[in-house]
Amino acid sequence: MYEKNELAFAILWIVIYSIIQSLANPLNQIIGIECSASLIFSILLVLILLFWIKKNNLFKQYGLCKTSVPASRFLYYIPLLLLASHNLWNGITVNFPFIDTVCYICYMLCVGFLEEVIFRGFLFKAIAKNNIKTAIFISSVIFGLAHLLNLLNSSGMELIANLCQVVGAIAAGFLFVTIFYRSGSLLPCIITHSLLNAVSVFANETGLTGGRRIIFSASRLVIVIIYTLILMNTLPQTPYTALKNKENN
């Protein structure tokens with residue numbers, strides 16, 4: 001399927017990932033350990049993806065490599081560190097027992113890898129062959145909208161929290177895909193995404209009203225927008241954008 005239709009391959013992975021995550025939530029409750037079933041399924045998916053990518057020598061294709069762009073061009077990734085700490089802005093607390101916390105963190109680290117490879121790797125690359133702008137838009141929006149599943153998959157997330165998550169995910173999607181196609185590396189995106197998710201296990205929900213949540217989300221959005229604009233105007237062009245400019249001239 002990959003050789004015949006990369007877009008269909010990417011969509012298939014999105015569907016598989018979404019279904020497995022939805023099925024895992026009720027199993028977590030049955031087992032009684034936070035994210036236990038989700039972790040098992042995610043580890044299997046990570047191993048499958050890594051095996052397939054290695055077998056087909058696609059590490060560079062999907063950005064699982066270092067970038068040649070100096071860290072100074074990314075403002076030393078300081079804005080990414082701010083984004084990664086977003087879930088701790090309202091304070092830090094211990095929400096789960098030790099085993100549950102470990103499972104949660106390991107699971108979220110896997111999620112960061114899986115979602116970046118699937119949405120920024122497979123989906124973006126498949127569409128980018130025809131149109132870069134369309135690829136950026138579609139991959140980012142679909143990534144954000146995919147978080148609506150949290151309202152349906154027994155995660156227990158409230159509506160306002162989920163909507164803030166969707167908006168934040170769409171914005172982050174634009175930023176991450178900008179970093180990927182301008183630098184050629186997906187590693188900064190994977191690391192930031194994984195840390196952002198993992199530290200949420202220590203998020204303090206006490207006193208986090210809907211209004212305060214919106215303020216935090218708006219602040220995060222401002223950081224993402226400003227950082228994205230800076231990178232778009234300072235990072236070197238990739239073969240994709242260079243090709244587009246050549247065609248336009």
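Reader: Which backbone oxygen does the side chain of Ser200 reach, and at what distance?

Author: This is a predicted model, in which local features need pLDDT of at least 70, side-chain atom pairs count only at pLDDT 80 or more, and totals for chains, interfaces and linings use all residues. Residues are numbered from 1 along each chain as its sequence is written, and side-chain values use heavy atoms, with hydrogens and water left out. The side chain of Ser200 reaches the backbone oxygen of Asn197, at 2.4 Å.

Reader: Is Ser200 buried or exposed, and what is its relative accessible area?

Author: Ser200 is placed in the loop between helix H7 (187–198) and helix H8 (210–234); helices are DSSP runs of H or I with at least four residues, numbered from the N terminus. Buried means under 20% relative accessible area, exposed over 50% and partly exposed in between, using a 1.4 Å probe and protein chains only. Ser200 is therefore buried, with a relative accessible area of 16%.

Reader: Which residues does Ser200 touch, not counting residues up to four places away in sequence?

Author: Contact means heavy atoms within 4.5 Å. With that exclusion of residues up to four places away in sequence, Ser200 touches Asn87, Asn95 and Tyr104.

Reader: How many residues apart in sequence are the parts that the pair of Phe119 and Phe143 ties together?

Author: Phe119 and Phe143 form an edge-to-face aromatic pair, 5.3 Å centre to centre with 65 degrees between the planes (ring centres within 6.5 Å; planes under 30 degrees apart are stacked, over 60 edge-to-face, the rest tilted). Phe119 lies in helix H4 (residues 98–128) and Phe143 in helix H5 (residues 132–145), so the parts tied together are apart in sequence by 24 residues.

How values were computed: Helix = DSSP H or I, 4+ residues; strand = E, 2+ residues; numbered from the N terminus. Polar contact = N/O pair within 3.5 Å; in protein donor to acceptor, adjacent residues only side chain to side chain. Phe/Tyr/Trp six-rings, centres within 6.5 Å; stacked < 30°, edge-to-face > 60°.
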